[in-house]
Amino acid sequence: MSVEIKLEKRISASLVRLQTKSPFFATLALFTHIRITTGVPTAATDGQDIFINPEFGRSLPTPALNGLLLHEVLHAALLHVVRRQTREHQLWNIAADIVVNGMVAQEEGMTPSLREIDLRGADLRRVNFRDCNLQDANLSGADLSEAKLYRANLQGANLTGANLHRANLNGAVLTEVNLTGARLEQANLSRTDLSSYDFSGTCLRGVNFCHTNLTGVNFKQADLTQANLHSAILHSADFSQTILHKTRFRYADLEGVDFRRCNLARSDFTRANLSSTNFSRANLSGAKLMRANLEGAKLGEASCSKRIYRKPN
């Protein structure tokens with residue numbers, strides 16, 4: 001069976017699902033013609049017909065294909081092509097995609113797609129990209145402060161120099177993402193996988209890394225003041241010369257981590273796994289170590305004045 005025929009069957013199934021879950025949007029789809037063609041690299045609409053590249057359509061999982069169809073139907077229904085008129089093409093498309101994807105994200109079983117979109121330097125403050133597919137997107141220099149990127153797919157995305165201050169990336173896919181020079185203060189990066197990422201020299205003040213996989217991450221010379229690493233996995237993480245003032249490590253797995261010479265003043269290690277951790281010459285003044293597992297930990301020449309410590313039960 002050819003790729004085109006298989007895709008046609010999947011599209012038909014998606015339209016049936018759309019009719020079941022969203023009769024209003026399904027009615028809009030009746031007024032468009034879906035054409036499978038190699039004339040477009042991914043998908044597009046001219047305001048009447050919807051064009052889908054067969055290889056691109058084949059590569060999409062079902063929720064993404066559902067979302068793609070609804071995305072293009074909404075562009076046509078909202079007359080985005082006609083209403084553009086003489087407006088700047090790229091900016092109009094960006095604005096239209098933001099509107100459409102906000103609508104798609106509210107539909108169950110739909111994944112809005114902005115794959116490979118170029119949003120370099122765009123003002124995207126407080127934008128809602130929840131559940132969006134932003135794989136390989138170019139967001140370098142973009143202002144994404146307070147943006148909603150909850151569970152977004154940012155695999156391979158370029159976020160160099162982007163402003164992610166207070167952005168919510170909880171559960172986002174960040175495989176091979178480039179965050180070089182990005183502003184990350186107070187960003188929510190909880191429940192993500194950032195294993196082996198290089199955060200050396202980065203300001204990470206107040207960042208939420210709760211339940212995040214940070215195995216092998218390089219935090220050398222980074223500033224983690226008041227960061228939240230509750231229940232994070234930090235095996236083999238490098239904290240050389242890292243600022244860790246008032247950092248929260250409650251319930252974190254820090255087995256074998258090297259904290260030599262680190263400033264850990266008033267940090268919270270309550271119930272953390274600190275077995276075989278090296279605190280030699282570290283500043284632990286005022287640190288909370290209640291019920292932490294310190295089996296085999298090295299505390300030689302550490303400054304431990306006013307620490308709060310209790311042995312685990």
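Which residue forms a salt bridge with arginine 120, and how far apart are the closest N and O atoms? The partner is aspartate 118, and the closest N and O atoms are 2.6 Å apart. A salt bridge here is a side-chain nitrogen of Lys or Arg within 4 Å of a carboxyl oxygen of Asp or Glu.

Before I go on, a word on the model. This is a predicted model, in which local features need pLDDT of at least 70, side-chain atom pairs count only at pLDDT 80 or more, and totals for chains, interfaces and linings use all residues. Residues are numbered from 1 along each chain as its sequence is written, and side-chain values use heavy atoms, with hydrogens and water left out.

Back to the salt bridges. The search of the whole structure finds 13 of them. In the pair I opened with, arginine 120 is exposed at 54% relative accessibility, while aspartate 118 is partly exposed at 23%. The cut-offs are under 20% relative accessible area for buried, over 50% for exposed and partly exposed in between, with a 1.4 Å probe and protein chains only.

Another salt bridge joins glutamate 146 to arginine 126, at 3.6 Å between the closest N and O atoms. Both residues lie in the loop between helix 6 and strand 4, so this pair ties together parts that are 20 residues apart in sequence. Helices (H or I, at least four residues) and strands (E, at least two) are DSSP runs, numbered from the N terminus. Aspartate 268 and arginine 250 also form a salt bridge, with 3.3 Å between the closest N and O atoms. Aspartate 268 is buried at 9% relative accessibility, whereas arginine 250 is partly exposed at 31%. There is also a network of salt bridges, linking Asp123, Arg125 and Asp143.

Next, the aromatic rings. Twelve aromatic pairs turn up in a search of the whole structure. Rings of Phe, Tyr and Trp (its six-membered ring) pair if their centres lie within 6.5 Å; planes under 30 degrees apart are stacked, over 60 edge-to-face, and the rest tilted. Phenylalanine 259 and phenylalanine 279 are stacked, at 5.4 Å centre to centre and 10° between the planes. Phenylalanine 259 is buried, with a relative accessible area of 0%, and phenylalanine 279 is buried at 0% too. Phenylalanine 279 also pairs with phenylalanine 269, this time edge-to-face, at 5.8 Å centre to centre and 80° between the planes.

Now the largest pocket. Its volume is about 630 Å³, where a volume is the space filled by probe spheres set on grid points joined across faces, edges and corners. On a 1 Å grid over the protein atoms alone, a pocket is an open set of points where a 1.4 Å probe fits, with protein on both sides within 12 Å along at least five of seven lines; lining residues have an atom within 4 Å of a point. The lining has 26 residues, and Ala43, His71, Glu72, Asn93 and Asp97 lie nearest the centre. Helix 6 gives the largest share, seven residues.

Helix 4 (62–77) also supplies at least two residues of that lining. Of its 16 residues, 13 are buried. After helix 4 comes leucine 79, with a positive phi near 55°.
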